[in-house]
Structures are given as structure tokens and as C-alpha cells.
Amino acid sequence: MRHLTITYCTGCNWLLRAGWYAQECLSTFGTALQVTLVPDDSGGVFHIMLDGEFLWERKRDGGFPDIRTLKQRIRDVIEPERSLGHLDN
């Protein structure tokens, strides 16, 4: 099982965004993925890591990923042959 970690800023109220990403990823990848939400109060932090490697960092990557991009990045690491259906079009 792979481990996705979503770290979000509590001061910026990004819990709902982090929770939505978690829900979407679990819906798509099911038992192949474990998701942890990590609150952070250091200001403006939002990053997503898969098995300790950065998939997305808000400041570095310019905002938040759309769900298509996030799912494709996860898929490319854990199941490159997997189709994401309409998200791949």
C-alpha cells in the first residue's frame, strides 16, 4: 500500500480542500492508497507527498492542482498502466 500525505495550513482554512483531495484519491485508488491529512499552522503550507516524495507543493507549483493532474501523478507512480477513464482524455 502506498502512502499519500496532504499537509495543509489551518490558518488558511484549507482543511476542506485537503479532505476533498483525500476523498477523490481514495475513491479512485481504493485500497492501493492510504491517506493522511497533516494540519500545519506555519502559514500558507499546502503540499502533497506520495511515499515521502513531493507530488505537489503550492508555492513551488503555483497554487493547487486540479484533481485530474493529481490523480494522473499518483497513477503514474503507483499504477502506470491503469486507465483513469475520462480523466485521461
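Is Thr36 buried, partly exposed or exposed? Thr36 is partly exposed, because its relative accessible area of 27% falls between the limits of 20% and 50%. The structure is a predicted model.

**Surroundings of Thr36**

- Thr36 belongs to strand S2, which spans residues 33-40.
- Leaving aside residues up to four places away in sequence, Thr36 touches His3, Leu4, Thr5 and Ile6.
- With one of these residues, His3, the contact is polar and runs from side chain to side chain at 2.6 Å.
- The C-alpha atoms of Thr36 and Gly19 are 9.6 Å apart in space, and the two residues are 17 apart in sequence.

**Aromatic cluster**

- The structure holds five aromatic pairs.
- One of them is formed by Trp14 and Phe46, in an edge-to-face arrangement with 6.1 Å centre to centre and 85° between the planes.
- This pair links distant parts of the chain, 32 residues apart: Trp14 is in the loop between strand S1 (2-9) and helix H1 (15-29), and Phe46 is in strand S3 (residues 46-50).
- Trp14 counts as buried because its relative accessibility of 15% is under 20%, and Phe46 is buried with a relative accessible area of 0%.
- Phe46 also forms an edge-to-face pair with Phe64, at 4.9 Å centre to centre and 80° between the planes.
- Because Phe46 lies in strand S3 and Phe64 in the loop between helix H2 (58-61) and helix H3 (67-78), their pair ties together parts that are 18 residues apart in sequence.
- Phe64 counts as partly exposed, at 26% relative accessibility.
- A single aromatic cluster is formed by Trp14, Trp20, Tyr21, Phe46 and Phe64.
- Over the ring of Phe64 sits the charged end of Arg17, 3.7 Å from the ring centre.

- S3 is largely enclosed by the rest of the structure, because five of its five residues are buried.
- Phe46, Ile48 and Leu50 are buried on one side of S3, and His47 and Met49 are buried on the other, so both faces are covered.
- S1 and S3 run antiparallel and are joined by five bridges; Ile6 stands opposite Ile48 of S3.
- S3 also pairs with strand S4 (residues 53-57), in the antiparallel sense and over four bridges; here Ile48 stands opposite Trp56 of S4.
- The hairpin of S3 and S4 has two residues between the strands, and Asp51 takes a positive phi near 50° in this hairpin.

**Salt bridges**

- Five salt bridges are found in the whole structure.
- Among them is the one between the side chains of Arg2 and Asp51, with an N to O distance of 2.4 Å.
- Since Arg2 lies in strand S1 and Asp51 in the loop between S3 and S4, this pair ties together parts that are 49 residues apart in sequence.
- Arg2 is partly exposed at a relative accessible area of 29%, and Asp51 is partly exposed at 36%.
- Another salt bridge joins the side chains of Arg60 and Asp61, at 2.8 Å from N to O; Asp61 counts as partly exposed at 25% relative accessibility.
- Glu79 and Arg82 form a further salt bridge, in which the closest N and O atoms are 3.1 Å apart.
- Glu79 counts as partly exposed at 22% relative accessibility, and Arg82 is partly exposed with a relative accessible area of 26%.

Terms used:
Residues numbered from 1 in each chain as written. Predicted model: local features only at pLDDT ≥ 70, side-chain atom pairs only at ≥ 80, totals over all residues. Heavy atoms only, no water. Buried < 20%, exposed > 50% of the residue type's maximum accessible area, 1.4 Å probe, protein only. Contact = heavy atoms within 4.5 Å. Polar contact = N/O pair within 3.5 Å; in protein donor to acceptor, adjacent residues only side chain to side chain. Phe/Tyr/Trp six-rings, centres within 6.5 Å; stacked < 30°, edge-to-face > 60°. Lys NZ or Arg CZ within 6 Å of the ring centre and 35° of its normal. Pairing = 2+ DSSP bridges. Salt bridge = Lys/Arg side-chain N within 4 Å of Asp/Glu carboxyl O.
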